[in-house]
Amino acid sequence: MGVSGSGKSTVGGLLAQRLMVPFLEADDLHPAANRAKMAAGHPLDDEDRRPWLLSLADWIREATAAQGGVMACSALKSDYRDLLRQAGAGVWFLHLAIDRASAERRVAGRVGHFMPARMEASQYAALEPLRPDEPGLTVDAAADPQSIVDRAADAVRALR
């Protein structure tokens, strides 16, 4: 979880490979209307996100019934994470924390992504870091992706 540009897709894909489980880029399940709204520079509201979050919860239920999985998802608000945790036992979050300037640089350097760098402010406005009662780990997203994956994989294995 984390803001756009924090490395969710990179770290999530590597973690899924390490754990040998399916990977989902949650942005792939955004309806076209959500993508168009964000591409136009307008942040999504909770009403926009609800159907998307429900589709992510469905994926979690399916993954939980199988061998598990890794999802790259912003999950910026604790309410969103609560909904996702209700979808399956063992839902655990890796918060990739990054400063705004670094996130903006990363997003500005991406090619072909619908999320413009100017939307980063809305991401930080919505961001609610992991609460102490939420299962997960917060790491510095500026660290090497492999070292982040090492820490996350160790933490996930300790849960089993």
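**Exercise 1. Characterise the salt bridge between D150 and R18.**

Solution. Start with the contact. In this predicted model, the side chains of D150 and R18 meet at 2.8 Å, N to O.

D150 sits in helix α7 and R18 in helix α1, 132 residues apart, so the pair links distant parts of the chain. Helices (H or I, at least four residues) and strands (E, at least two) are DSSP runs, numbered from the N terminus.

Then check exposure. Buried means under 20% relative accessible area, exposed over 50%, partly exposed in between (1.4 Å probe, protein chains only). D150 is at 34%, so D150 counts as partly exposed. R18, at 30%, is partly exposed because of the same cut-offs.

Ground rules: residues are numbered from 1 along each chain as its sequence is written, and side-chain values use heavy atoms, with hydrogens and water left out. Because the model is predicted, local features need pLDDT of at least 70 and side-chain atom pairs count only at pLDDT 80 or more, while totals for chains, interfaces and linings use all residues.

**Exercise 2. Which parts of the chain does the R85–E134 pair link?**

Solution. Take the distance: the closest N and O atoms of R85 and E134 are 3.4 Å apart. R85 belongs to helix α4 (residues 78–86). E134 lies in the loop between α6 (120–126) and β4 (136–140), 49 residues from R85. Now widen the view. Salt bridges with shared partners join R81, D82, R85, R131, D133 and E134 into one network. R85 is partly exposed at 23%, whereas E134 is buried at 5%.

**Exercise 3. Describe the lining of the largest pocket by class and by element.**

Solution. By class, the lining has 22 nonpolar, six polar and two charged residues. Nonpolar covers Ala, Val, Leu, Ile, Met, Phe, Trp, Tyr, Cys and Pro; charged covers Asp, Glu, Lys and Arg; the others, Gly among them, are polar. By element, α1 (8–19), α3 (46–65), β2 (70–72), β3 (93–97) and α7 (145–159) each supply at least two lining residues. The largest share, five residues, comes from α1.

Note on methods
Salt bridge = Lys/Arg side-chain N within 4 Å of Asp/Glu carboxyl O.
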